[in-house]
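The sequence and structure come first, and the notes follow by topic.

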Amino acid sequence: MKVIKTISKLQKAAFKHLKNGDEIGLVPTMGALHQGHESLILKSKKNDDVTIVSIFVNPLQFGPNEDYLKYPRPIKKDLQFCKKNHVDYVFMPTVNEMFPNSHKTFVEVRDLQDIMCGKFRPAHFRGVATVVAKLLNISYACNTYFGMKDFQQLKIIEQMVRDLNFKTKIVSCPIVREKSGLAISSRNTYLSPQEKEMASKIHKILKKASIDFKNKNLSALKQTALNKLNKIPKIKIDYVDIVNFKDLSFADKNTKKVILAVAVWLGKTRLIDNIIMTR
Ligand code: AMP
C-alpha cells in the first residue's frame with residue numbers, strides 16, 4: 001500500500017495504471033474509517049484492478065459553525081484499516097495541496113444542492129462537488145464509490161458526472177447499519193450512550209413508514225414520521241422529506257420509487273438517514 005500526499009504523484013501513479021489497461025476504483029472519504037467505508041472499499045476491490053482511497057477532511061464542505069476542527073482524524077488507525085483491506089493507494093493531501101489560496105474554481109449543481117440538507121448547509125454541496133471533481137481528475141477513476149447514506153450527495157455527484165462528462169461510473173452502495181439499526185457514521189463517535197440509543201429509533205421510524213407506504217398517502221406518511229421523530233427526547237428536526245428516488249424531484253402518489261430522508265440533531269450531533277420505498 002502506498003500513501004501519497006501530492007496531486008502530481010497520484011496523477012503519475014494512476015496514469016501509469018491507466019496506460020497498462022488497469023481499471024481504477026476511487027473511494028472518496030473524510031477518514032475516521034468504519035464498516036460503511038469498508039463496504040465501498042470491498043466493492044472496489046472486487047470490481048477494480050487498483051483501489052484508491054482518498055482521506056481528506058474537506059474544509060469547503062463545512063459551514064462556519066460546523067465541526068470542521070473537531071471532525072475525527074485518527075490517521076494511524078485509518079492507514080491500518082486501509083492496509084487490512086488491501087487498498088493499493090491512500091491519497092492524503094493537505095488542505096493547501098487541494099485548495100491553495102490561488103484556488104478560484106467551484107462546481108455547483110443547481111437546484112439539487114439547494115433542497116433538503118442544502119437548505120440547512122448552504123455551501124455544503126458546492127464544496128462536495130468541487131472536491132469530488134478534483135479527485136476524479138487526479139485519480140483517473142473508472143469507478144467511483146458512494147454510499148446511499150448520503151443520498152443527496154450521491155444524486156448530486158451523478159448529475160455532475162453527467163453534466164460535465166466525467167468518464168467515471170458512479171457506483172452506489174447500500175447503507176451499512178449497526179445492529180441497533182443506526183446508520184454507521186464517523187459522527188456517531190460524538191454521541192453519548194443515551195443519544196446513541198435515541199438515534200437508533202430513527203431507522204425504526206423510517207422502516208415502519210416504508211411498510212405503510214402502500215396504504216398511506218405521502219403527506220400522511222411524512223407527518224406520521226415527523227410526529228414519531230418529535231417524540232425522541234432532545235431531538236431537533238431539520239427536515240423530513242419524501243422525494244423521487246431518481247432525481248430528488250417532487251414525488252406524488254404515482255411515483256413508484258421514492259426516498260424518505262431525514263436530518264436531525266441529537267444534542268450537538270447532526271445525523272442523516274433515509275430509506276427507499278417502492279410500490
Ligand atoms: P464520509 O467519510 O462520511 O465523507 O463518507 C465517505 C463515503 O462513505 C460516502 O460515499 C458515504 O456515503 C459513505 N458512507 C458513510 N457511511 C456509510 C454507511 N453507514 N453505509 C454506507 N456508506 C457509507
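**Domain layout and interface**

The chain is divided into domain 1 (2-173) and domain 2 (186-273), with bounds that come from an automatic or database domain assignment. This is a predicted model, in which local features need pLDDT of at least 70 and side-chain atom pairs count only at pLDDT 80 or more, while totals for chains, interfaces and linings use all residues. Residues are numbered from 1 along each chain as its sequence is written, and side-chain values use heavy atoms, with hydrogens and water left out.

- The centres of domain 1 and domain 2, taken over C-alpha atoms, are 26 Å apart.
- Contact between the two domains involves 21 residues of domain 1 and 17 residues of domain 2, where contact means heavy atoms within 4.5 Å.
- About 1,700 Å² is buried between domain 1 and domain 2, and carbon and sulfur atoms give 62% of that area. Buried area is the accessible area (1.4 Å probe) that two parts lose on being put together, summed over both.
- On the domain 1 side, M116, F120 and F151 lose the most area to domain 2, and together they make up 33% of what that side buries.
- The rule finds seven residue pairs in polar contact across the interface, both residues being at pLDDT 80 or more. A polar contact is a pair of N or O atoms within 3.5 Å; within protein, one must be able to donate a hydrogen and the other to accept it, and residues adjacent in sequence count only if both atoms are side-chain atoms.
- Helix 5 (117-120) and helix 7 (151-163) each supply at least two residues of the side of domain 1 that touches domain 2. Helices (H or I, at least four residues) and strands (E, at least two) are DSSP runs, numbered from the N terminus.
- Helix 7 gives the largest share of that side, three residues.
- By class, the side of domain 1 that touches domain 2 has 11 nonpolar, four polar and six charged residues. Ala, Val, Leu, Ile, Met, Phe, Trp, Tyr, Cys and Pro count as nonpolar, Asp, Glu, Lys and Arg as charged, and the others, Gly among them, as polar.

**Salt bridges**

- The structure holds 12 salt bridges, a salt bridge being a side-chain nitrogen of Lys or Arg within 4 Å of a carboxyl oxygen of Asp or Glu.
- One salt bridge is found across the interface of domain 1 and domain 2.
- D67 forms a salt bridge with R187, and their closest N and O atoms are 2.8 Å apart.
- K155 pairs with E158 in a salt bridge, with 3.2 Å between the closest N and O atoms. Both lie in helix 7, three residues apart, about one turn of the helix.
- K155 counts as buried at 7% relative accessibility. Buried means under 20% relative accessible area, exposed over 50%, and partly exposed in between (1.4 Å probe, protein chains only).
- R177 and D273 form a salt bridge, the closest N and O atoms being 2.9 Å apart. R177 lies in the loop between strand 6 (169-173) and helix 8 (193-212) and D273 in strand 9 (residues 269-278), so the pair ties together parts that are 96 residues apart in sequence.
- In this pair, R177 is partly exposed at 23% relative accessible area, while D273 is buried at 5%.
- D241 and K222 meet through their side chains in a salt bridge (3.6 Å, N to O). D241 lies in strand 7 (residues 235-244) and K222 in helix 9 (residues 218-230), so the pair ties together parts that are 19 residues apart in sequence.
- A network of salt bridges links K236, D238 and R270.

**Buried residues and their contacts**

- R121 lies in the loop between helix 5 and helix 6 (124-139) and is buried, with a relative accessible area of 11%.
- Leaving aside neighbours within four places in sequence, R121 is in contact with Q61, F62, E66, R187 and R270.
- M98, in helix 4 (residues 95-98), is buried at 0% relative accessible area.
- Among the residues that M98 touches, not counting those up to four places away in sequence, are I7, F56, F91 and L135.

**Positive phi values**

- N165 is not a glycine, yet has a positive phi of about 55°. N165 is found in the loop between helix 7 and strand 6 and is exposed, at 64% relative accessible area.
- L248, also a residue other than glycine, has a positive phi near 65°. L248 lies in the loop between strand 7 and strand 8 (257-266) and is buried, at 4% relative accessible area.
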